[in-house]
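The entries below follow the order in which I checked things.

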Amino acid sequence: VWPAEAELTAGCNRAWTRLRAHLPWCGDVEHHVPVSRCSCGIYATNDPDLAAEYLYLYSEVLQPHVLYRAIGLVSLWGSVVEGETGWRATFAYPKRILLPRSARRSDVEAVRAGLSDYGVPVELLDETDTPVARAVRRVARNRRRRRSTQSW
Amino acid sequence: VEIGKPQRTYTVEPVEDPVPREEPAPDEAPAEPEREPEVPAR
């Protein structure tokens, strides 16, 4: 869970790093996070469509722990590994949170009120016309098309 | 998220703190140390 009013700090949770930490002959295996040779760090993408796909991650299966999904812009700092389509960083904090619509208006309003603890703008996607909002609409449209094609 | 192959690594130091931290309440703010009375030099 991303803490409110404090930065999220990355650690390396890679299985190989954790395993080596228990092997005495490996010495000190902890490393600065992130490094290019590992996959650790807090991830963000510069591709809004790719981020929008995550709103539907594993949506075909029941996910009782998922209360709601949000998308947004994030500040990254500390050490940053830049990839072809995004970044991995040591520290992160939300900059702007965007909420997709819900079947019930009261749900999204309750989530919006809860997310206000972060002290950053929390907006409804339908009420914004940003590249992220356009990407979410595009991805939703493509998913509907795919589903209707599959049902034929 | 898939971000592709690493291209470069650098350090980012934010100009402003990205975290909107809560300001300490006035009575929680550290009190200024008492100043010694100024004595005129002889």
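**Strand pairing and the chain contact**

I began with S3(A) and S4(A), which pair in the antiparallel sense over 10 bridges; I count two strands as paired if DSSP finds at least two bridges between them, and strands themselves are DSSP runs (E, at least two residues), numbered from the N terminus. This is a predicted model, in which local features need pLDDT of at least 70 and side-chain atom pairs count only at pLDDT 80 or more, while totals for chains, interfaces and linings use all residues. Residues are numbered from 1 along each chain as its sequence is written, chains are lettered from A and ligands numbered from 1 in the order in which they are written, and side-chain values use heavy atoms, with hydrogens and water left out.

I noted that three residues lie between S3(A) and S4(A), which form a hairpin, and that A:Leu73 has A:Arg96 in S4(A) as its bridge partner.

I then followed S4(A) to its other partners. Strand S1 (residues 8–9) of chain A pairs with S4(A) in the antiparallel sense over two bridges, with A:Thr9 set against A:Phe91. Strand S2 (residues 42–45) of chain A is likewise antiparallel to S4(A), over four bridges, and A:Thr45 has A:Gly86 as its bridge partner. Strand S5 (residues 122–124) of chain A, in contrast, runs parallel to S4(A) and is joined to S4(A) by three bridges, A:Leu99 being partnered by A:Leu124.

Why do I call S4(A) largely enclosed by the rest of the structure? I do so because 10 of the 14 residues of this strand (residues 86–99) are buried, meaning under 20% relative accessible area with a 1.4 Å probe, protein chains only.

Next I turned to chain B. Strand S3 (residues 71–82) of chain A pairs with strand S1 (residues 8–12) of chain B in the antiparallel sense over five bridges, and A:Glu82 stands opposite B:Arg8.

For the whole contact I recorded 27 residues from chain A and 18 residues from chain B. I found two salt bridges between the chains, counting a side-chain nitrogen of Lys or Arg within 4 Å of a carboxyl oxygen of Asp or Glu; one of them joins A:Glu7 to B:Arg21, with the closest N and O atoms 2.9 Å apart.

Methods:
Contact = heavy atoms within 4.5 Å. Buried < 20%, exposed > 50% of the residue type's maximum accessible area, 1.4 Å probe, protein only.
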